[in-house]
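Have a look at the structure first.

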Amino acid sequence: MSVALSNHQAIDLRETTIRKLNATLQSEDATGTWLVSHPEGRHSIAVGLTAPIDVTIDGQAGYYAGGMNQHANLVIKGNAGPGVAENMMSGAVRVEGNASMAAGATAHGGLLVIKGDAGARCGISMKGVNIVVRGSVGHMSAFMAQSGNLVVCGDAGDALGDSLYEARIFVRGTVKSLGADCEEKEMTAEDLQLLQRLLKEAGITEYSPESFRRYGSARRLYNFHVDNAAAY
Amino acid sequence: MSQSKNTPPRTTPRFSATFDQFTISEIQRAAATGIYDIRGAGTKRKLPHFDDLLFLGASISRYPLEGYRERCDTEVVLGTRFAKKPIRLKTPVTIAGMSFGALSAQAKEALGRGASAVGTSTTTGDGGMTPEERGHSSILVYQYLPSRYGMNPDDLRRADAIEVVVGQGAKPGGGGMLLGQKISPRVAKMRDLPEGIDQRSACRHPDWTGPDDLEIKIEEIREITNWEKPIYVKVGASRPYYDVSLAVKAGADVIVLDGMQGGTAATQEVFIEHVGLPILSAIRSAVQALQDLDMHRKVQLIVSGGIRSGADMAKALALGADAVAIGTAALIALGDQSPDLAEEYAKLGTVPGAYDDWQEGRDPAGITTQDPELAARLDPILGGRRIANYLSVMTMEAQAIARACGKSHLHNLEPEDMVSLTLEAAAMTRIPLAGTEWYPGKTGF
């Protein structure tokens, strides 16, 4: 049940269903700050939000937390399951723990911050979102990434940026391997400015933009050519 | 003595059945280019199909309904399992998913107009929802595809139903493809891709794998759309019994089963012709899966892939489907393959009836193109009228058959109304061979 407290509204998922939680947070009347307690790994927490409200999830979230978010600011004070902030359009989702696979998948906008590590396929097919991972990302991250920016303060796994389009990838640590058609690019002054802004928005102050390397599309696979067949 | 008297008789030139003229031309093409052939449309090979079934009609043991006086209803309701707002089609034939990108905006508008005129639905495709399409479609199904091009929660909520696409009949296991000629500025913007690239969209969804994940994904979509919209799951016909069972388990309201005759905008010829099942062979297994789960008529089944007429529609319904969908036939109704375009087809190296280079975007009918001049040839209002006419004819044809079988609703058609003409059809459909009580696999004689 929703209980109004002094400065935030509380929803306890031991007492409330996911359906009621989402209906409440998606309501046109929803405003202000919300605390969701005892999430206990439930799926689809705070999906499809449309209002610029602040929602804190006090624990572990299951699949698709913050999915398709518009305008809301979410904080997950724990780990997040697969597809956190999938297809986010705007707003922000911050994960204080680790995130499972496909974090920020296909997201069109907004900011996804993961303070721990992210699993495989972080930023898969991303379409404009900014993703900042304080730790490392798993294999096939930014696979087919179309646009937006993926910042990795730790290391990247195998096949980073495979078949990517115009997304930019910044990695501070090591890259185990680059995927097909992904190559290291020159870090421009514009890139450094962008990186500075993204790190600041993510609340990361200890790393300088100059300590990152930039990766992007070599654009060799944009059109079919028989000589590239082995790359697919 | 003349030369001819000294020359022994020769046989006439004999072409190989194995290395027929098309095969020879394909080997020559492959050797010259080094890349597989890509084309549009569905399989062109001869397959067991609805023509291999016949209706029996009424006689002494069954009595018919009056053709022009007694009602034969056609309405179908889809999404009755979980959705708060199921959709109601006046006729059980819908327009299958085809993208803006693969088709021109005019073609999409015409499909919407035609479907709306007869009270049925049309479907978006791999490229998102256009305002024209939404505006001209009274019932619009929004596809949720692996690429998620243009996917957004506003359009999800604007849709009347949502179709999670796992696969399609022309290429089960394959992703989308749209070649650079068709990635116009508007298409590129909608898909967030660079203009003119050869777009290769994913074959698997980016954030779920397997039926357990799909169940969670469907629940997420329902949460985002207030549990209002029917959720379809579309699969290419490959393992229909298991795929249908798993889709039911994952929470689908409606299952769309697409056979290998179903078209594609662009796919490798080898994929189109050699992967997947003819729709005739898939329906009975799909219906069996629903029956085994006590979900037949509770989870609705839409069948597509080579549906051409009211007879095909009636046969699919009699096999247990709740509705059918058309794609290729709708494009033909719009003007694709028209003999009036013979001269222009000749310039493209083809003839009316065989045009399948839809991937090139040079369609003289203005349907499978993004070229503004070509697309302008298709009048969406006239096109819509042709679609409406065609859908009406299909419905009337199916009603004529149903009345002849004594049925007051198309859904009352049943397997016992039919016979098989071939052993293959009998084996695939478990409908006895004409003149017998037997089908392959049936025991107890």
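## A helix pair, then a chain

In chain B, the axes of helix α8(B) (residues 240-249) and helix α10(B) (residues 279-292) come within 8 Å and cross at roughly 35°. Axes here are lines fitted to C-alpha atoms over the stretch in contact, with angles from 0 to 180 degrees between N-to-C directions. The crossing of α8(B) past α10(B) is right-handed, meaning the near helix is turned clockwise from the far one by less than a right angle. These residues make the contact (C-beta atoms, placed from the backbone, within 7 Å):

| Helix | Residues in the contact |
|---|---|
| α8(B) | P240(B), Y241(B), V244(B), S245(B), V248(B) |
| α10(B) | A282(B), S285(B), A286(B), Q288(B), A289(B), L290(B) |

By class, that's eight nonpolar, three polar and no charged residues.

This is a predicted model: local features need pLDDT of at least 70 and side-chain atom pairs 80 or more, while totals for chains, interfaces and linings use all residues. Residues are numbered from 1 along each chain as its sequence is written, with chains lettered from A and ligands numbered from 1 in written order.

Over to chain A, which has two helices and 12 strands (DSSP runs: H or I of at least four residues, E of at least two). Along the sequence they read β-β-α-β-β-β-β-β-β-β-β-β-α-β. Its C-alpha atoms fill a box of roughly 60 × 35 × 25 Å along the principal axes. Of its 232 residues, 54% are buried, with 20 or more other C-beta atoms within 10 Å of their own.

Definitions and conventions: Buried ≥ 20, exposed ≤ 12 C-beta atoms within 10 Å, placed from the backbone. Contact = placed C-beta atoms within 7 Å. Nonpolar A, V, L, I, M, F, W, Y, C, P; charged D, E, K, R; others polar.
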